[in-house]
Number of protein chains: 2
Amino acid sequence: MTHVELPTPALVIDAEKVRRNLRRMAEYAAAHGLKLRPHTKTHKSVMLGRMQTEIGGAAGLTVAKAGEAAVMIDACDDLLIAYPTVDRLRCEAVAELAARKTVCVGLDSAAAVEALSAAATSAGSTVGVLVELDVGMHRVGVQSPQAAVALAQKVARAPALPFAGLMFYPGHIGTKPDEQTAPLAAVEAMLGETLDLLRRGGLEARIVSGGSTPTAMRSHLVRGLTEIRPGTYIFNDMNCVRGGFAALDDCAARVVCTVVSDVVPGQVVIDAGTKTLTSDRCGPAPDSGHGHVVEYPAAKITRLTEEHGQVDVSGCDRVPKVGDQVTVIPNHICPCVNLQDRVYWQELGEAPRPLTVDARGRVF
Amino acid sequence: MTHVELPTPALVIDAEKVRRNLRRMAEYAAAHGLKLRPHTKTHKSVMLGRMQTEIGGAAGLTVAKAGEAAVMIDACDDLLIAYPTVDRLRCEAVAELAARKTVCVGLDSAAAVEALSAAATSAGSTVGVLVELDVGMHRVGVQSPQAAVALAQKVARAPALPFAGLMFYPGHIGTKPDEQTAPLAAVEAMLGETLDLLRRGGLEARIVSGGSTPTAMRSHLVRGLTEIRPGTYIFNDMNCVRGGFAALDDCAARVVCTVVSDVVPGQVVIDAGTKTLTSDRCGPAPDSGHGHVVEYPAAKITRLTEEHGQVDVSGCDRVPKVGDQVTVIPNHICPCVNLQDRVYWQELGEAPRPLTVDARGRVF
């Protein structure tokens, strides 16, 4: 890459690639009549949330936590908190936001229904509820269509909590199309039975929300789905590339690093360790190292400590020297963005502009 | 633990344990005539940096990056940046700080010497230089006593860069005493030869800086050492406990989490995932899960995604329910602190007080 004089490690975002990634998903969703509700955990930026609604075809946005919701409510009129709110503080925070905009929460327990209903009643707001189904990831989500309907009925009876529909997260499904057919059929079976039982019980699931970036482009195969919530697609990363659903050229967010040492034979050290790249391994290729070095594709980032990235360059025909910059595409971009106070927005031919990561660090 | 109404996940620091950990290391260093220069990367707090100098026996402090130095310069008069500064922006930042306080940098390349000398000359300051030795970790550090002396001579000739001594990081050395004897002897051999060669060349290593938390209490076995730079000891973590050099009761920093789901049989889900606990595995026990659940010692945190911690409670005789709080001691506390805007300082019998993580996210 062109040498840019930024304090490194610097996370630089290619504006044109972002727009292309947004357009591609918008076109897919529109072609299949699916609503698009991107998960903003990937970028955590109000500017990019607005871009998703304005040019990216988004009908609403998704967040994980109440703290992120408090930021992203400025970027849209319709927000889904895809995470159970069960404690008083979090339920109160969500109920207050719901007085300003349309807010839905995904949940899977009677305790969450009770806590959220109390908070919304007290705030004088209404919070839509999606009942979360476990479609195979075994993380959260009710375990059967019968349990989903029982919880939906509890929601429908609870003050201030209109039942809005169902959600699920197919994060267990393989990234390759041939790994997806059977699991997607299982998702559809559970969903179909749940929707049937709901209808018989007089409940309508207005929203049926699913989809992750790996499975996004096969969402039209799941009958009953009304919306998808991909996140990573805005930037892509080595999980996407090695999983086979993005090209290197689609990776819009890259870390510009400086080589700080080259004294160990066959190795250079970059100024990006786990405090920049995280310890997240590449899901589809756990032994591929800690990211891809764009200018030295034969290099391998073999080991990270907090501030050091050890890069094996023994297989390279040329090697960078101390002070040189190299560009790394991370394994998993979402937590990398969360580690930066600001990233840099790069329009073609212009100097990179700082872009605040507004919802960084909102663990609450 | 007592239920505290904090927005969870909340990193709560036990003040009395901190003071005890600080006193213990101060007593060890004093007993062996070693200077103590704690690495502040663990806490990133000016208040705690000051506490280390005021009651913790510290003669100075250590940081990793220029951005951390800009914060910690307010906590002491003598700062070591234990990281090579090679690019113009970082060298300029360090040279400016060196006009205000005593600042040393550890480095291992001629390029770093040249860049730093130019910046210090331009700023009208002097920056002390420690030549870094690779004593076996093979990350950074010159590869031989001869290379160390050649670089020290280059430093001594460079304008504005007084040669101050040597540094090394023994992070490769095992945590158990019986894993330490041979590597410590190798460290001492390389150090001894380097010091001999330096003396013959007319150069004095006023500072010989080493030590990590695992090896700290055996530092007196390395002849020639003048100071140690432990970091984690202020809080300790599961790396320390499972490595055998701290007890659970010494772990001063713990994450209070809320149980948000319990629908998958044998499992509860806490509101702390990699965005709170990181993906760092436990070095001495990689299969022990992602931290220790204090109230449920038979529980195992088997899987983390960004906001979810999946806890296997199938081996527990009782299980927490949705809305309950549990307390987790992380595998590696340093990067967990870096993920929080604020932690909570807990004096016995008082309400937890927010404590800003001043140097959080200083990747530069």
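**Entry 1: a buried pair in chain A**

I found A:E347 buried, and A:R19 likewise; buried means under 20% relative accessible area, exposed over 50%, and partly exposed in between, with a 1.4 Å probe and protein chains only. The model is predicted: local features need pLDDT of at least 70, side-chain atom pairs count only at pLDDT 80 or more, and totals for chains, interfaces and linings use all residues. Residues are numbered from 1 along each chain as its sequence is written, chains are lettered from A and ligands numbered from 1 in the order in which they are written, and side-chain values use heavy atoms, with hydrogens and water left out.

I then looked up the contact between the two residues. A:E347 forms a salt bridge with A:R19, with the closest N and O atoms 2.7 Å apart; a salt bridge is a side-chain nitrogen of Lys or Arg within 4 Å of a carboxyl oxygen of Asp or Glu. Because A:E347 sits in the loop between β16 (342-346) and β17 (353-356) of chain A and A:R19 in helix α1 (residues 15-31) of chain A, the pair ties together parts 328 residues apart in sequence. For these elements, helices (H or I, at least four residues) and strands (E, at least two) are DSSP runs, numbered from the N terminus.

**Entry 2: a pair in chain B**

I noted a salt bridge between the side chains of B:D250 and B:R20, at 3.2 Å from N to O. This pair links distant parts of the chain, 230 residues apart: B:D250 is in the loop between α9 (238-243) and β10 (253-261) of chain B, and B:R20 is in helix α1 (residues 15-31) of chain B. B:D250 counts as buried because its relative accessibility is 8%, whereas B:R20, at 28%, counts as partly exposed.

**Entry 3: helix α7 of chain B**

I checked the length of helix α7 (residues 177-200) of chain B. At 1.5 Å a residue, its 24 residues should span 34 Å, and its end C-alpha atoms are 34 Å apart, which agrees; the expected span is 1.5 Å times one less than the number of residues. α7(B) bends by about 25° at B:P183, the bend being the angle between axes fitted to the seven residues ending there and the seven starting there. After α7(B) comes B:G202, with a positive phi near 80°.

The buried residues of α7(B) include B:L184, B:V187, B:E188 and B:L191. An α-helix has 3.6 residues a turn, so residues three or four places apart point the same way. The buried residues of α7(B) pack against β6 (128-133), α6 (145-157), β7 (163-168), β8 (207-210) and α8 (213-216) of chain B.

I found that B:E188 meets B:R223 in a salt bridge between side chains (2.6 Å, N to O). B:E188 counts as buried at 17% relative accessibility, and B:R223 as exposed at 66%.

**Entry 4: the interface of chain A and chain B**

I recorded 64 residues from chain A and 64 residues from chain B in the contact, where contact means heavy atoms within 4.5 Å. The two chains bury about 5,000 Å² between them, 53% of it on carbon and sulfur atoms; buried area is the accessible area (1.4 Å probe) that two parts lose on being put together, summed over both. Twelve salt bridges are counted between chain A and chain B. One salt bridge joins the side chains of A:R88 and B:E5 (2.6 Å, N to O).
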